[in-house]
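Please have the sequence and the model open as you read.

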Amino acid sequence: MTKAHLARAISARQVLMISLGGVIGTGLFLSSGYTIHEAGPLGTVLAYLVGALIVYLVMLCLGELAVAFPETGSFHVYAQRYLGKSAGFVVAILYWLTWTIALGSEFTAAGLIMRHWFPQTPIWMWSALLIILIFSLNAVSVKWFATTEGLFAGIKVVAIVSFIVLGVGAMVGLLPYHGTRQFIGLRNFYRSGWFPNGFSGVFTTMLTVNFAFSGTELIGVTAGETKDPAKTIPKAIHATLWRLIIFFVGSIVVMSALLPYQQAGVTQSPFVTIFSGLGIPLAGDLMNFVVLTAIISAANSGLYAATRMLWSLANEGMVAPIFQRTTKKQIPIYALVASMGGGILALLSAIYAASSVYLVLVSISGLAVVFVWMAIALSEFQFRKQWRQTGHRDTDLQCPTPGYPVVPLLACGLCLLSCLLIWFDPQQRIALECTVPFVIVCYTGYAMKEHYQKKRRTTK
């Protein structure tokens, strides 16, 4: 027997914080400097603005679907319903894989951060403690998970807002930077030319930027456990998107203004570099604490997302029914155990097969979110098309996507373009070389399974 959703225990504020917690991670705190180094200051800002536009269009599509059908597993169910069962299966597998691979990375990263304070301790010990912590937070109740995720996300938000405010203060000369108080402004944007590494850097960094924005779609995953989704989901989508644009683009502008692009991302986190330049005491320790919080938060959201996606697959009869079983508090415990197991296997592959198995997994997960975004946009396009064909009006929808059919088609087109542009970057080309065959195998494999089962039923 299928269910549309699990227990509705997540508030509007918690949905907002879960989404922010899933998006704001080590990509912003650690990898953003590398993006500036590759694309240049203006190129990075443009790349993040394009990324923000893509995710905004996709979330408008998701908002319509999530309010019309507030189901746990959301976009996998929408893809199955409007693009076919095989497409729904591929979307769920890609999304589950994305978060389980991320879990393996977070476990390792947490151990490395803790070694900063406890250099004599083994990394595996801290990884094991994080595994126990994250599993416990997800196993107790969804309300407890949402509460703790809100706390973790809050710490990251405070760090980013402080960074932007203090950075702007240094840019306009209100605060000393490296002991000198002067108007810095945006001179680093044009000192070496507007695009020092060429305009192509804007496009070749799009995969990194899209990955930085991944996690916003967690709003859709929470739809099946959200109180009053018709009001909560649209509010959370708009609040999350505007905050992300301010946080990400604001942080990038501050970094680009205060750090020459040649130095960005070469030695350490740009947050640490700038906080140190501002004379913030123990800047390295503070940022290590924030990054550790980001790791715990991302792992917490990741295990939640992977668990709900696996539960949804079982709920739709696509994988073994055991993953549909829940505890008294509506926690899909077997799906939770399997998803954590997938994260541990990813961790082991990162240790013992980093140059083969893990490299392929990371490459697939890097593009997976963009494929999922494309599926969301196409699902909304098909849904609205069928909605109109059955005589309904757009005004009958509680949260209609504006500008149909332009918005879903533009969202899908931009996602596809950002994928294709990766081919021109030899370092990132492996993502396409691994992901496209993986998608084809999953799609045809499930289609053949469905065909075989249908044939067996008709011959009985």
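## Ground rules

This is a predicted model, so to speak with care: local features need pLDDT of at least 70, side-chain atom pairs count only at pLDDT 80 or more, and totals for chains, interfaces and linings use all residues. Residues are numbered from 1 along each chain as its sequence is written, and side-chain values use heavy atoms, with hydrogens and water left out.

## A bridge across the sequence

A salt bridge here is a side-chain nitrogen of Lys or Arg within 4 Å of a carboxyl oxygen of Asp or Glu. The count by this rule is six salt bridges. One of them pairs glutamate 450 with lysine 85, at 3.7 Å from N to O. Because glutamate 450 sits in helix α18 (residues 429-459) and lysine 85 in helix α5 (residues 85-117), the pair ties together parts that are 365 residues apart in sequence. Helices are DSSP runs of H or I with at least four residues, numbered from the N terminus.

Lysine 85 has 40% relative accessibility and counts as partly exposed. On this scale, buried is under 20% relative accessible area, exposed is over 50%, and partly exposed is in between (1.4 Å probe, protein chains only).

Glutamate 380 and arginine 384 form a salt bridge, 3.7 Å from N to O. They are four residues apart in helix α16 (residues 357-389), which means a separation of about one helical turn. Glutamate 380 is buried at 0% relative accessibility, and arginine 384 is buried too, at 2%.

Arginine 384 also bridges to aspartate 394, with the closest N and O atoms 3.1 Å apart. Since arginine 384 belongs to α16 and aspartate 394 to the loop between α16 and α17 (406-420), this pair ties together parts that are 10 residues apart in sequence. Aspartate 394 is partly exposed, at 22% relative accessibility. Through shared partners, salt bridges join Glu64, Glu380, Arg384, Arg388 and Asp394 into one network.

## How α16 meets α17

At what angle do α16 and α17 pack? The angle is about 160°, and their axes are 8 Å apart; axes are lines fitted to C-alpha atoms over the stretch in contact, with angles from 0 to 180 degrees between N-to-C directions. The two helices are therefore roughly antiparallel, a label for angles over 145 degrees.

Technical notes. Angles under 35 degrees count as roughly parallel, over 145 as roughly antiparallel, 65 to 115 as roughly perpendicular and the rest as oblique.
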